[in-house]
Amino acid sequence: MKLSTIALTAALLASGGAYADDITTNVNLAGDSPPHLTGAFGITHYEGGEFTDTITFSPTYGEWFVDSSLITVGFNPATNINFSYAEINGHAMSLSPAGVYEYAYMVQEPIMGPLVLTVYGAVDTGDWSASASYAGTINIAPVPEPATYGMLMGGLGILAWLARRHKQS
């Protein structure tokens, strides 16, 4: 056996499992009725194996109620993505069981920005080539300040007082 063959074999054994292309991207949020913002994104993997994708959303400083979803459909190994975990700033998204049709979602989770979605998964193909993708959306609305709740409770208290006063007279 030649030395180059031995070196190549050792390098392949040391490399472990296959890793797909990790993707990092930014998504600018927009909206017609500020301060509610929304955004959509899509990720395509051209290599098989495990991946970790990072999506940063902007502008998202402050505390937000977050709704988000991911979806993928794959009918053969080269187009099938299996989500293993997804989170936004450490808050886990709920995942469907692995299969041809998979999704992840989060509903009304209060999270401090800036918001970063991290998706862990794999493209389960026997070779290195793939053409697997998933898409997602995010909708955010600001969490009201404590003073807003105080004003609401004060207003309700005044209405109750007026109603009671009206009933007595």
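Strand β2 is joined to strand β10 (residues 129-142) by ten bridges, and the two strands run antiparallel. Strands here are DSSP runs of E of at least two residues, helices are DSSP runs of H or I of at least four residues, and both are numbered from the N terminus. Two strands are taken to pair if DSSP finds at least two bridges between them. Within this pairing, Gly-39 has Ile-138 of β10 as its bridge partner. The structure is a predicted model, in which local features need pLDDT of at least 70 and side-chain atom pairs count only at pLDDT 80 or more, whereas totals for chains, interfaces and linings use all residues. Residues are numbered from 1 along each chain as its sequence is written, and side-chain values use heavy atoms, with hydrogens and water left out.

The secondary structure comprises two helices and ten strands. Along the sequence these elements follow the pattern α-β-β-β-β-β-β-β-β-β-β-α. Of the 169 residues, 31% are buried; buried denotes a relative accessible area under 20%, exposed over 50%, and partly exposed in between (1.4 Å probe, protein chains only). The protein exposes about 10300 Å², of which carbon and sulfur atoms supply 62%. Among contacts (heavy atoms within 4.5 Å) with a separation of 6 or more, 79% are between residues 24 or more positions apart.

The pairing of β2 with β10 belongs to an open sheet of five strands with antiparallel pairing, in the order β2-β10-β4-β8-β7. Its edge strands, β2 (37-47) and β7 (94-95), each pair on one side only. Further pairing involves β3. Strand β1 (residues 24-28) runs parallel to β3 (residues 49-58), and five bridges join the two; Thr-25 has Ile-55 of β3 as its bridge partner. Strand β3 is also joined by eight bridges to β9 (residues 116-123), in an antiparallel arrangement, with Tyr-120 of β9 as the bridge partner of Thr-52.

Strand β9 also contains Thr-118, a buried residue with a relative accessible area of 12%. With neighbours within four places in sequence left aside, Thr-118 is in contact with Thr-52, Asp-53, Thr-54, Tyr-85, Ala-86 and Glu-87.

A nonpolar patch on the surface is formed by Ile-71, Val-73, Phe-75, Val-100, Tyr-101, Tyr-103, Tyr-105 and Val-107, which together have about 790 Å² of accessible area. Patches consist of residues with over 30% relative accessible area and no salt bridge; like charges are joined within 9 Å, and nonpolar side chains (Val, Leu, Ile, Met, Phe, Trp, Tyr) within 5 Å. A salt bridge is a side-chain nitrogen of Lys or Arg within 4 Å of a carboxyl oxygen of Asp or Glu. Both β4 (63-73) and β8 (101-112) supply at least two residues of the patch, and β8 gives the most, with four residues. Val-73, which is located in β4, is partly exposed, with a relative accessible area of 41%.

Val-143 lies in the loop between β10 and α2 (146-168). The C-alpha atoms of Val-143 and Ile-111 are 8.9 Å apart in space, with the two residues 32 apart in sequence. Neighbours within four places in sequence excluded, Val-143 is in contact with Glu-63, Trp-64, Phe-65 and Pro-110.

How values were computed
Areas by Shrake-Rupley, 256 points an atom, 1.4 Å probe, with all protein chains shown as cover.
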